[in-house]
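Here is a short briefing for a first look. Start with the picture, then read the points below.

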Amino acid sequence: MYSRHHIDDFMRNRIIGKIEEGRKITDVVREFDITHSVVSRLWKSFKTTGMCSRRHGGGRVRSTAPAEDRYIVLSAKRNRRTTAHQVANQFLAASGKQIS
């Protein structure tokens, strides 16, 4: 019945708009085919923060760029006998960044 895994910003804004119009959460749940808990959490979050967008980037900050990642892989493949420690030291000498 409920197959949607995450709601996009447009759908969030529509849900908040319906509730602001005075519609009940139960009616909005039926109309958008979303669980009651998702809609009520979205409404609660909107009331406290004033916005309904998703928070992004909860993970660890990356220390290398994708191009640097490709360089690390390429240098490891050039000489397959190098250890991870040696590859890290080579990258440190080349870029000045510490990797593990």
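In which helix is Ala76 found? Ala76 sits in helix α4, which covers residues 66-78. The model is predicted. The notes below begin with the whole protein and then return to this residue.

**Fold**
- The protein has 5 helices and 0 strands.
- Read from the N terminus, its elements follow the order α-α-α-α-α.

**Overall dimensions**
- The radius of gyration of the protein is 24 Å, whereas a compact globule of 100 residues would have one near 13 Å.
- Along the principal axes, the C-alpha atoms fill a box of roughly 65 × 30 × 20 Å.

**Burial and contacts**
- Of the 100 residues, 25% count as buried.
- Take the contacts between residues at least 6 apart in sequence: 41% of them join residues at least 24 apart.

**Surface and charge**
- The protein carries 20 positive and 9 negative side chains.
- The centres of these two sets are 11 Å apart.

**Ala76 up close**
- Ala76 counts as partly exposed because its relative accessibility is 30%, and the partly exposed class lies between the buried limit of 20% and the exposed limit of 50%.
- Setting aside neighbours within four places in sequence, Ala76 is in contact with Thr82 and Val87.
- Val38 is 38 residues from Ala76 in sequence, and their C-alpha atoms are 46 Å apart in space.

Terms used: Residues numbered from 1 in each chain as written. Predicted model: local features only at pLDDT ≥ 70, side-chain atom pairs only at ≥ 80, totals over all residues. Heavy atoms only, no water. Helix = DSSP H or I, 4+ residues; strand = E, 2+ residues; numbered from the N terminus. Buried < 20%, exposed > 50% of the residue type's maximum accessible area, 1.4 Å probe, protein only. Contact = heavy atoms within 4.5 Å. Rg over C-alpha atoms; globule rule 2.2 N^0.38 Å. Lys, Arg positive; Asp, Glu negative; His and termini not counted. Charge placed at Lys NZ, Arg CZ, Asp CG, Glu CD.
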